[in-house]
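Here's a quick tour of a protein model, with a stop at one pair of helices and a few aromatic rings. Have a look at the picture, then read on.

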Amino acid sequence: MKNKKIYGVSISLILINLAAIMERADENLLPSVYKEVSETFNASPSDLGYLTFIRNFVQGLCSPLAGILVLSYDRPKVLAMGTFCWALSTAAVGISLEFKQVAFWRTLNGFGLAIVIPALQSFIADSYMDGVRGMGFGMLSLIGSLGGIGGGVLATVMAGQQYFGIQGWRCAFILMATTSAIIGILVYMFVVDPRKTISNIQESSDRYRQRDNLIDRTLPNSSSIWFESWIAMKSVMKVHTFQIIVLQGIVGSLPWTAMVFFTMWFELIGFSHNGTAVLLSLFAVGCALGSLLGGIIADRLSKIYPHSGRIMCAQFSASMGIPFSLFLLRVTPQSVDSLLVFGVTLFLMGLTISWNGTAVNAPIFAEVVPTKHRTMIYAFDRAFEGSFSSFAAPLVGILSEKMFGYDDTARASLPKALALSKGLLTMMTVPFGVCCLCYTPLYKYFRLDRENARMQGSKATKPIDNL
């Protein structure tokens, strides 16, 4: 059963993508009901921002744990563990009676996601070759985005209803938690780690096996997983490509974290729950298609320009966030009559600004680090990015309230929407521009790091063959 395929796709890969769907759905759940949560717990925008901050900060802080766990356990077990953790916390948020309880369970939710996301990324990295890895990550993002769309739409539509006397947003959380738990059980039972089945690993070239063996032999003979993890982390932290991608990721994650306020912003403008769900779905569809499109374009461009193709794609994508943010938040009239303009803008924006992760960051990491420690590298990348970007959500709330005049006691919603849009604009345009510039040093260092990795692999050939 574990090694069976459906229409040529392995059961393991199908379930991994289902886990990605639920992960993205869970991430979009709370932002989709910000307005209802605000009314239920009498929370301000900055309070809601702190909820996102708590989850993202804990997620970033605990991400290295995923890299350590996969050294002792198969990744399906690690994925299942994280899935059960976030399912429990999601259900608990749905039955919380106080805002402090919500904050506590969001902390646990971040812990679960910290374990799952790096393991998912390394699983995909081990399943695709260099030339198509951008498409592989793009496909994962595309399929995962379906979950984001479904979770956001489901929560937004259910939020305005009551079911058996229970608020709709609470029912959405409980339903999502139940589905996540079922997926976690299936992952635990049926997913096979690609490291166990070499025949299922498409990337099995001698160069990568030799590189891994070389690095494994350089490690001291120690049974301590913590010591081995520390050695691996130190060696990777010295790679300039890793440092640069982490730096741009810290800045580049800020706009995406700030976008959690889009739902609240559209509802303050006057859009209904259904109208808001449509707009956010268009943006999510654009991001999903854009991540796959960016990955494919970068794959092909990297064949023409091996050391700079992916970097050019990333800078194009980051730079497009500036004009689209300005047009969306400042140029377009903040009125329900602008539904069509908002929809088209959001779709095109998502299509062009979502390339970086799939086109550059994830594929490059797979080329400059050993296979054995890929989960560790993705985990530390998430640790740095998640910890720092988590400040974006509360900053949007603080800027909206303190600098741009958001008044939570005012009855009129349009002034609130205007103040919130100004806070969003500040946390989007500036980081997008800085992110674009941060990629520039990769034109020099990626080539050096890539060639150095290949040189290590070629040097390991004779010693390995003679053993």
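Of the 467 residues in the protein chain, 58% count as buried (under 20% relative accessible area; over 50% is exposed and in between is partly exposed, using a 1.4 Å probe and protein chains only). Keep in mind that this is a predicted model: local features need pLDDT of at least 70, side-chain atom pairs count only at pLDDT 80 or more, and totals for chains, interfaces and linings use all residues. Residues are numbered from 1 along each chain as its sequence is written, and side-chain values use heavy atoms, with hydrogens and water left out.

**The overall build**
- The protein chain has 21 helices and 4 strands; these are DSSP runs numbered from the N terminus, with helices (H or I) of at least four residues and strands (E) of at least two.
- Take the contacts (heavy atoms within 4.5 Å) with a separation of 6 or more: 84% of them in the protein chain are between residues 24 or more positions apart.

**Helices H13 and H15**
- The axes of H13 (residues 273-304) and H15 (residues 339-353) come within 6 Å and cross at roughly 25°. Axes here are lines fitted to C-alpha atoms, for helices over the stretch in contact, and angles run from 0 to 180 degrees between N-to-C directions.
- That makes H13 roughly parallel to H15 (under 35 degrees; over 145 is roughly antiparallel, 65 to 115 roughly perpendicular and the rest oblique).
- Residues making the contact include Leu279, Leu282 and Phe283 of H13, and Phe342, Leu346 and Phe347 of H15.

**Aromatic pairs**
- A pair of aromatic rings is described by the distance of the centres and the angle of the planes.
- The count comes to 16 aromatic pairs: rings of Phe, Tyr and Trp (its six-membered ring) with centres within 6.5 Å, called stacked under 30 degrees, edge-to-face over 60 and tilted for the rest.
- Phe242 and Phe365 make a tilted pair, at 5.5 Å centre to centre and 45° between the planes. Phe242 sits in helix H11 (residues 240-258) and Phe365 in helix H16 (residues 356-368), 123 residues apart.
- Phe242 is buried at 3% relative accessibility, and Phe365 is buried at 1%.
- Phe266 and Phe342 have ring centres 5.3 Å apart and planes at 80°, so this pair is edge-to-face. Phe266 is in helix H12 (residues 262-269) and Phe342 in helix H15, so the pair ties together parts 76 residues apart in sequence.
- Phe266 is buried at 0% relative accessibility, and Phe342 is buried at 0% too.
- One aromatic cluster is formed by Trp256, Phe262, Trp265, Phe266, Phe271, Phe283 and Phe342.
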